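Here's a quick tour of a few local features, one chain at a time. Have the viewer open and follow along.

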Amino acid sequence: MSALHIVNKSPFERNSLDSCLRLAAKGSAVLLFEDGVIGAMKNTKHSDAVAKAMSDISFYALGPDIKARGLNDGNIIDGINVIDYDGFVDLTTEHNTVQSWL
Amino acid sequence: MKFGIVINEGPYTHQSSDSALQFVKSALAKGHDIFRVFFYHDGVNNGTSLGVPPQDDRNLPNEWSELAEKHDLDLVVCVAAAQRRGMLDEDEMKRHDKNSNNLVKGFRISGLGQLIEAGIQADRLVTFGD
Amino acid sequence: MEDGEGIIKKFCYMNRKAPYGTIYALESLEVVLIAAAFDQDISLVFADDGVYQLTKNQETDGIGMKNFSKTYSALGDYDIKKIYVEKESLEERGLSVDDLQALKYEDEDDDWVEKDSLFVVGSEELTKIINEQDVVLSF
């Protein structure tokens, strides 16, 4: 069984991403969306933790939220897949359950 | 697949309602079913008929109302959360002796059992909140 | 109301916020009390600041808000017997299980003997528990 974890808060604002990475099982997927896309960016103090988690977990970030915040696609941590809402829907069907880290 | 959607926050203050709306639109376009959209906590405020947002911006309660009509969606506002926050339909208005009601068309008020039922019956339950 | 036609899912109620500062703790508990009637396999998880929901000796007169903490001790009467508190979350906050209410239930399969329903578990074990759930509700 693999879960899709969705994180919508910035790692600078909340510990949601932190807690998610602590409690997400190997083989799960994490989608960063809304302010959570900030966690997908390179060169922040949180980037290393995300990059490190990628050995066990697949990461996704919602493109429309990245664009909305004026963030540069090219500045996303290597290995994070940028998807749209259609991709979000697909992800939920590809995993057994969806857990929101608010 | 059948989706249950839970929205925990009100319109505008949080992106939750917008994200949920976009998700639901994509899911419907892909041929999925939306079993129910359940509005809890401040999410009940998405059902207001009294909103007057700026003309050049989206009207979230109306967008939900129109989507519900177009796709026959079940939009449920939690009765306990609604009572706390002053979201009443006509029945609730009469029941509690208030002088007006404010639930926009397309939404209905019901109990938390509807949320649990969505969790049981839907293939996936997705929560949008803060 | 449909009875789910015998479907039993593992429902997890995830609590990560302190009580009173926001309504999530209270309204999450209200969901659990209703959920108990649906015969599903229920687990409650308290992690991060959620662990504060279970502290003993909550006195709310000073803030003018209703003290709902007694309700947690009634969860056993609703047959809620899997309440998980994350060890790391407690320790980070300088708390131990002794700071929390001792939650119990009466085991109908064991002569109604009173047993603990609250379990302090480490992140690794909690990860496994959460990963086994069918539906996770977050507040």
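A crossing of two helices is called left-handed if the near helix is turned anticlockwise from the far one by less than a right angle, and right-handed if clockwise. In this predicted model, the crossing of α1(B) and α2(B) is left-handed.

So what does that pair look like in numbers? Two packed helices are described by the angle between their axes and the distance between the axes. For chain B, helix α1 (residues 16–29) and helix α2 (residues 60–71) pack at about 20°, and their axes are 11 Å apart. Angles under 35 degrees count as roughly parallel, and α1(B) and α2(B) are therefore roughly parallel to each other.

Here is who meets whom across that pair:

| Helix | Residues in the contact |
|---|---|
| α1(B) | S17(B), L21(B), V24(B), L28(B) |
| α2(B) | L60(B), E63(B), W64(B), L67(B), H71(B) |

Sorted by class, the contact between α1(B) and α2(B) has six nonpolar residues, two polar ones and one charged one.

Over in chain A, helix α4 covers residues 85–94, and Y85(A), F88(A), V89(A) and T92(A) in it are buried. Looking down the axis of α4(A), the buried residues fall within an arc of 95°, so they line one face of the helix.

Last stop, chain C. Y20(C) sits in the loop between β1 (10–15) and α1 (24–35) of that chain. Is Y20(C) buried, exposed or partly exposed? Y20(C) counts as partly exposed because it has 18 C-beta neighbours inside 10 Å. Setting aside neighbours within four places in sequence, Y20(C) is in contact with T60(C), I63(C) and M65(C). As for E86(C), it is 66 residues from Y20(C) in sequence and 20 Å away in space, C-alpha to C-alpha.

Note on methods. Residues numbered from 1 in each chain as written. Chains lettered and ligands numbered in written order. Predicted model: local features only at pLDDT ≥ 70, side-chain atom pairs only at ≥ 80, totals over all residues. Buried ≥ 20, exposed ≤ 12 C-beta atoms within 10 Å, placed from the backbone. Helix = DSSP H or I, 4+ residues; strand = E, 2+ residues; numbered from the N terminus. Arc of directions from axis to C-beta. Axes fitted to C-alpha atoms, helices over the stretch in contact; angles between N-to-C directions. Parallel < 35°, antiparallel > 145°, perpendicular 65-115°, else oblique. Contact = placed C-beta atoms within 7 Å. Nonpolar A, V, L, I, M, F, W, Y, C, P; charged D, E, K, R; others polar.
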